[in-house]
Amino acid sequence: MNIQFKKGVLEICVLVLATRGDRYGYELAVKISEKFEVAVGSVYPLLNRLTQDGYFSTYLKESPEGPPRKYYHLTPEGWNHMRLLIAEWQDFTRAVNEIVEEGLKP
Amino acid sequence: MRTRDSYMMELDHLLRVIPEPQRKEWLYDYYLHFEQAAQNGQSEEEAARELGDPRSIASELLLGYRVDQAETNNSFGKLSRAVFATVSLGLFNIIFILGPYLALAAILLALWATAVAIGVAGIGIVFESLWNGTFSMAQALAVGLISSSITILLIVGLKSLTTSFYKMTLKYLKFNTRILRGNSK
């Protein structure tokens, strides 16, 4: 899949993954890279940008093993932003599907 | 084959222009990642390979930083850096960002130079007439007055034009990086 296309979709996925409770960076990065063929490392700049835009807030929390983990919490703005992106995504896929079905009609 | 230390060192080196607290924070994400990967029984090489090329990670982080900088403190140096950071993300941007940016910046600069030149010419005529009597004093003052009013008008106009150019460029950079990231808003 086109890399630039993928990056836009990643934003939606990262936001959605954080809806059921706070996640730490590694969790998000691995979850995303399991499903899409993206470099795990590119998820962190995305998380940073979303944090800077106020869609995530972060905090450090001790973990039983190893150094403190950085957790990402979806803010109210984050929720709104996510809903907006999902609506756009659904419009977009519907349009693509319509054209594909139309085009492949016998 | 990269190990954790060389990976972190390379990333640190690539991000050396970023001031301390911010860079540390970004690097901490990758440090944590290696830690976590090790706990899950992944080798350092494997984790480094999965993370991907440090250069592309660094250029993405840098771009976000530059745009942010240009937004918080208005300066043409900062704006140009943001433009160049975008350009480093790909050939596409050289054509669609750097080209128009340089062209528009050159036009703005030329207009500023024109405004200043007209003003200088007006003052010049007054002095010229004073010393060499090229024009009568009334004529010289009239010309001087006209040219300095033109200069003032031009400067007022150019100021707002420059401000909107600055804002538009930033808007475009953000819009463009959103396209590169794939979502429109």
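**Close-up views of rings and a nonpolar patch**

A search of the whole structure, which is a predicted model, turns up ten aromatic pairs over all chains. Let's take a look at two of these pairs, and then at a surface patch.

**View 1. A:Tyr59 and A:Tyr71 form a stacked pair.** The ring centres of A:Tyr59 and A:Tyr71 are 5.6 Å apart and their planes meet at 10 degrees, so the pair counts as stacked. It links distant parts of the chain, with A:Tyr59 in strand β2 (residues 56-61) and A:Tyr71 in strand β3 (residues 69-74) of chain A, twelve residues apart. A:Tyr59 is partly exposed at 32% relative accessible area, whereas A:Tyr71 is buried at 12%.

**View 2. Ring pairs join A:Tyr24, A:Tyr59 and A:Tyr71 into a cluster.** Look for A:Lys61 over the face of A:Tyr71, 5.1 Å from the ring centre. A:Arg69 lies over the face of A:Tyr24, at 4.2 Å from the ring centre.

**View 3. A:Trp89 and A:Phe92 share helix α4 (residues 76-104) of chain A.** The two residues are three apart, about one turn of the helix. Their ring centres are separated by 6.2 Å and their planes by 35 degrees, so this pair is tilted. A:Trp89 is partly exposed, with 32% relative accessibility, and A:Phe92 is partly exposed, with 39%.

**View 4. A nonpolar surface patch covers about 660 Å² on chain B.** B:Ile123, B:Phe127, B:Leu130, B:Trp131, B:Met137 and B:Leu141 make up the patch. Helices α6 (91-132) and α7 (137-181) of chain B each give two or more residues to it. The most comes from α6(B), with four residues; B:Ile123 is in this helix.

Conventions:
Residues numbered from 1 in each chain as written. Chains lettered and ligands numbered in written order. Predicted model: local features only at pLDDT ≥ 70, side-chain atom pairs only at ≥ 80, totals over all residues. Heavy atoms only, no water. Patch = residues over 30% accessible without salt bridge, like charges linked within 9 Å, V, L, I, M, F, W, Y side chains within 5 Å. Areas by Shrake-Rupley, 256 points an atom, 1.4 Å probe, with all protein chains shown as cover. Salt bridge = Lys/Arg side-chain N within 4 Å of Asp/Glu carboxyl O. Phe/Tyr/Trp six-rings, centres within 6.5 Å; stacked < 30°, edge-to-face > 60°. Buried < 20%, exposed > 50% of the residue type's maximum accessible area, 1.4 Å probe, protein only. Lys NZ or Arg CZ within 6 Å of the ring centre and 35° of its normal.
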